[in-house]
Amino acid sequence: MKFMKLGSKPDTFQIDGNNIRYVASELATDVVVQVGDVKFYLHKFPLLSKSARLQKLVSSSNEGNSDEINIHDIPGGPTAFEICAKFCYGMTVTLNAYNVIATRCAAEYLQMHEAIEKGNLIYKIDVFLNSSLFRSWKDSIIVLQTSKSLLPLSEELKLITHCIEAVASRASVDVSKVDWSYTYNRKKLVEENLTDPSWHGVRTREVPNDWWVEDLCELEIDMYKRVMTAIKNKGIVSNEVIGEALKAYAYGKLPGSGKNVVPQNDVSKFRSILDTIVWLLPQEKGCVSCSFLLKLLKAAISANSVESVKMELVKRIGQQLEEASVNDLLIRACDVGEEEGTMMMYDVNVVKKILEEFTMADKNEIEENGGEIKEIRRPGILSEASKLMVAKIVDGYLVEIAKDPNLPLSLFIGISEMVSGFSRPAHDGLYRAIDTYLKEHPGIGKSDRKKICKLMDCKKLSADACMHAVQNERLPLRVVVQVLFFEQVRAAASSGSSTPDLPKAIKDLNSGSYGSSRSATTTNTNTNTDEDWDAVASAEELRALRGELAALRLGNEVVGGGESRSGNSERGAAVSKMKGLIMSRRIFSKIWSNKAGPAVENSGSDSSESLGSTTQDEAKCTPTRRGRHSVS
């Protein structure tokens, strides 16, 4: 720390108790200066020779036949006045970064200008500030910290402005010209440890671009805002370093290192910090991480910041949502759920707004580029890749919020549908989310189960997910059959054979017609049939379907392995495949018989493609053909 000594005479100020100061001298004191609670017994001559204000005050006191002067509003109080008085006596005083601003303001109050005496205190302090302290990085920060308590005079004298400019200029200097050492917050390197014999006091590490970040964290938010604004206005420091500085300040000042836990007695203080940090964020995308933005949003919700601040964060998060993680999006709810009237675990609505911003940015991008895929600013990642990453994040997010028993189905479906247009190769994550929701909400009706299951595409389920779905008693029977059908198609395709010719009922089920080809006279039958298909599969039905899936796989293995065998083996494999297909029809017929009952026994408008209309070869293996029911 730099300092300046003034005067050469020894310090003869004495203390008598807590409130009396006097000069030990052979000459009797002739004036008493009352500063706050402290009385100074001094001599008029040295004081009046350097202070125009004391000249006026002494003159006024003489007219009133009094030798006491009252100064209650001097900046810096008794301590600053004592330094000024010692300077008047020519005694040795030491100025440094901690007391220079208070002394400068007190000297201004006492009017210690050059007009009174050349080389007066104000002139000497200004020279010390400009030539020494403002050129020292750490001293400038200390000076700036001490100036706040001396407002508004420190502002009127432009001391704060000059100090901010000095700090901003030092932070903007090229790192190659910075003589930098670690602050007390940073860990020392091995070569900087004095116990290391190889350490010779020479810095061997390059100066990082953000060398100044942690030192500014000591400033109060109002001063920090002004310094950061000055740094940004210079346009030299990169936005990434600005973002790193804001992140360091937020983690140092906000409670819980970014967690949304704000003490109630400090809400206004932390709200001010949050608002300022958001205001200082550079406009450039990617200057701060999405995780940091989400931490700010959590804190803003907890501190009940103004809506404009929260929406600004939502907008920024939406612009780089592909960088987020599921855990980042799990924002604890602070309000009561609007639809159910009960408290939800997480604030799903704010995540919905973030997704809206992401999709809106994609729409704007398409409009601006004529529908062409555009490369995002981050190198190596295309917009389609970003959509795929966001869809994966949303699937994981749905799994977590589905565990909330108070989550409305409309919110779950709304979140999922927002990314339904994003092409993704697998729907396993979405299936897991749907299964979790059904498990946590066992009381939902058939129509709701149908709605939520429509979100996933059974064709995009992996083999493991299909196996789980076929055994899942929470899924409607319609979905289980669809999964089994597509698994059969996939197995046939993998073996190189053609897709089995399934009955029209199953085809209609998977195409979405759900028996629309029936005649008008069977409308009530259709209604009952749809309800049966949307019902949850029983354990007996699931066992039958599991057996069907195993038989299909076994049959396909036989078919696949028969390609390299003799002609007799090929015929045997073909027979095995046919048996598997017949088995399939039997099981579907059995399930349908249990579901439909006699009500659909005579519905023959599409009998040409019903389960009863088998080939001649099949009739030989299925003697109970007449007892079957047609299915559409």
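This report describes a predicted model, from its overall make-up down to selected residues.

## Overall make-up

The protein has 632 residues, and 47% of them count as buried. Its secondary structure consists of 27 helices and seven strands. The accessible surface is about 31500 Å², with 50% of that area belonging to carbon and sulfur atoms. Among contacts with a separation of 6 or more, 71% join residues 24 or more positions apart.

## The five-stranded sheet

Five strands form an open sheet in the order E2-E3-E5-E4-E6, and the pairing is mixed. Strand E2 (13–15) and strand E6 (68–71) are at the edges; each has a single partner strand, so one side of each lacks a neighbour in the sheet. From one strand to the next, the twist averages 20 degrees.

Strands of a sheet pair through backbone hydrogen bonds, in either the parallel or the antiparallel sense. E6 pairs with strand E4 (residues 31–35) in the parallel sense, over four bridges. Asn 70 in E6 is the bridge partner of Gln 34.

His 43 sits in the loop between strand E5 (38–42) and helix H1 (44–48). Its relative accessibility is 10%, so His 43 counts as buried, the cut-off being under 20%. A polar atom of the His 43 side chain lies 2.9 Å from the backbone oxygen of Leu 27. Apart from neighbours within four places in sequence, His 43 is in contact with Val 23, Ser 25, Leu 27, Ala 28, Thr 29, Asp 30, Val 31 and Tyr 89.

Ser 61 is part of helix H2 (residues 52–63). Ser 61 is also buried, with a relative accessible area of 10%. The side chain of Ser 61 reaches the backbone oxygen of Val 58 at 2.7 Å. Not counting residues up to four places away in sequence, Ser 61 touches Ser 66, Glu 68 and Ile 69.

Helix H13 (residues 290–302) has 13 residues and reaches 18 Å from its first C-alpha to its last, close to the 18 Å expected at 1.5 Å a residue. H13 is mostly covered, with ten of its 13 residues buried. Among the buried residues of H13 are Phe 292, Leu 293, Leu 294, Leu 296 and Leu 297, and the list also includes Cys 290 and Lys 298.

Helix H17 (residues 383–401) has 19 residues and a reach of 26 Å from first C-alpha to last, close to the 27 Å expected at 1.5 Å a residue. An α-helix has 3.6 residues a turn, so residues three or four places apart point the same way. The buried residues in H17 include Ser 383, Ser 386, Lys 387, Val 390, Ala 391, Val 394 and Asp 395, as well as Tyr 397, Leu 398 and Ile 401.

## Backbone features in loops

Asn 304 follows H13 and lies in the loop between H13 and helix H14 (307–319). Its phi is near 55 degrees, a positive value in a residue other than glycine. Asn 304 is exposed, with a relative accessible area of 53%.

Gln 111, likewise not a glycine, has a positive phi of about 60 degrees. Gln 111 is in the loop between helix H4 (100–109) and helix H5 (121–131), and at 21% relative accessibility it counts as partly exposed. The peptide bond from Leu 151 to Pro 152 is cis, with omega near 5 degrees. Pro 152 is located in the loop between helix H6 (137–147) and helix H7 (153–156).

Terms used:
Residues are numbered from 1 along each chain as its sequence is written. This is a predicted model: local features need pLDDT of at least 70, side-chain atom pairs count only at pLDDT 80 or more; totals for chains, interfaces and linings use all residues. Side-chain values use heavy atoms; hydrogens and water are left out. Helices (H or I, at least four residues) and strands (E, at least two) are DSSP runs, numbered from the N terminus. Buried means under 20% relative accessible area, exposed over 50%, partly exposed in between (1.4 Å probe, protein chains only). A polar contact is a pair of N or O atoms within 3.5 Å; within protein, one must be able to donate a hydrogen and the other to accept it, and residues adjacent in sequence count only if both atoms are side-chain atoms. Contact means heavy atoms within 4.5 Å. Two strands pair if DSSP finds at least two bridges between them. Axes are lines fitted to C-alpha atoms, for helices over the stretch in contact, and angles run from 0 to 180 degrees between N-to-C directions. The expected span of a helix is 1.5 Å times one less than its number of residues. Accessible areas come from the Shrake-Rupley method with a 1.4 Å probe; for residues, only the protein chains shown count as cover.
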